[in-house]
Amino acid sequence: METSTFVYDGDCAFCSRCAEFIERRIPTGARVVPWQFADLGALGLTEAECEEAVQWVGADGSRASGPDAIARLLGGSSPLWRVAGAGLRFPPVRAAARPAYRWVARNRHRLPGGTAACSLPQEARERLYGPAGRPTTNA
């Protein structure tokens, strides 16, 4: 793989807002892509992994998820963001980051930019909204 890839949940408004922030403010050579449009097989990822947390697949094939994925993304950016990424890898911060990330993931539908669909598993979202993320119609 030539380029590292950061994968997020494109059906979640909160996650999409965060990805937009990354693309606008964090200079990185990584691709930032919603898992719904990524070739998960080529990346060695599963839908279940992507529903659970953001994912990082390095150009070298290395993988990370959740706050470790965010640390990897930041580690390949400009100096200020690299410091933030190194901070996430610092053992006491890393120990706190994992439960904090899980809390955010569970409550993302309540956070700014979040929607009720953010709290649903992919299967339930597709049942309600269809695979394209639009409400299904019973015609």
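## Ground rules

Because this is a predicted model, local features need pLDDT of at least 70 and side-chain atom pairs count only at pLDDT 80 or more, while totals for chains, interfaces and linings use all residues. Residues are numbered from 1 along each chain as its sequence is written, and side-chain values use heavy atoms, with hydrogens and water left out.

## An aromatic pair

Let's start with the rings. Those of Phe, Tyr and Trp (its six-membered ring) pair if their centres lie within 6.5 Å; planes under 30 degrees apart are stacked, over 60 edge-to-face, and the rest tilted. The count here is 1 aromatic pair. Phe-21 and Trp-81 form it edge-to-face, with 6.2 Å between centres and 80 degrees between planes.

Phe-21 belongs to helix α1 (residues 13-25) and Trp-81 to helix α5 (residues 79-89), so the pair ties together parts 60 residues apart in sequence. Helices here are DSSP runs (H or I, at least four residues), numbered from the N terminus. Phe-21 is partly exposed at 34% relative accessibility, and Trp-81 is partly exposed at 24%. For these labels, buried means under 20% relative accessible area, exposed over 50%, and partly exposed in between (1.4 Å probe, protein chains only).

## Helix α6 and its contacts

Helix α5 packs against helix α6 (residues 91-107) at about 80 degrees, with the axes 5 Å apart. That makes α5 roughly perpendicular to α6, a label for angles of 65 to 115 degrees; under 35 is roughly parallel, over 145 roughly antiparallel, and the rest oblique. Axes are lines fitted to C-alpha atoms over the stretch in contact, and angles run from 0 to 180 degrees between N-to-C directions. Gly-87, Leu-88 and Arg-89 of α5 meet Pro-91, Val-93, Arg-94 and Ala-97 of α6, contact meaning heavy atoms within 4.5 Å.

Helix α4 (residues 66-75) also meets α6: their axes come within 8 Å and cross at roughly 115 degrees. On the α4 side are Gly-66, Pro-67, Asp-68 and Ile-70, and on the α6 side Arg-94, Ala-97, Arg-98 and Tyr-101.

What about disulfides? The structure holds 0 of them, taking a disulfide as a pair of cysteine sulfur atoms within 2.5 Å. The sulfur of Cys-15 has its closest cysteine sulfur in Cys-12, 3.3 Å away, which is too far for a bond. Cys-15 is buried at 13% relative accessibility.

Cys-18 is in no disulfide either, the nearest cysteine sulfur being that of Cys-15 at 6.5 Å. Cys-18 is partly exposed, with a relative accessible area of 33%.

Key
Helix = DSSP H or I, 4+ residues; strand = E, 2+ residues; numbered from the N terminus.
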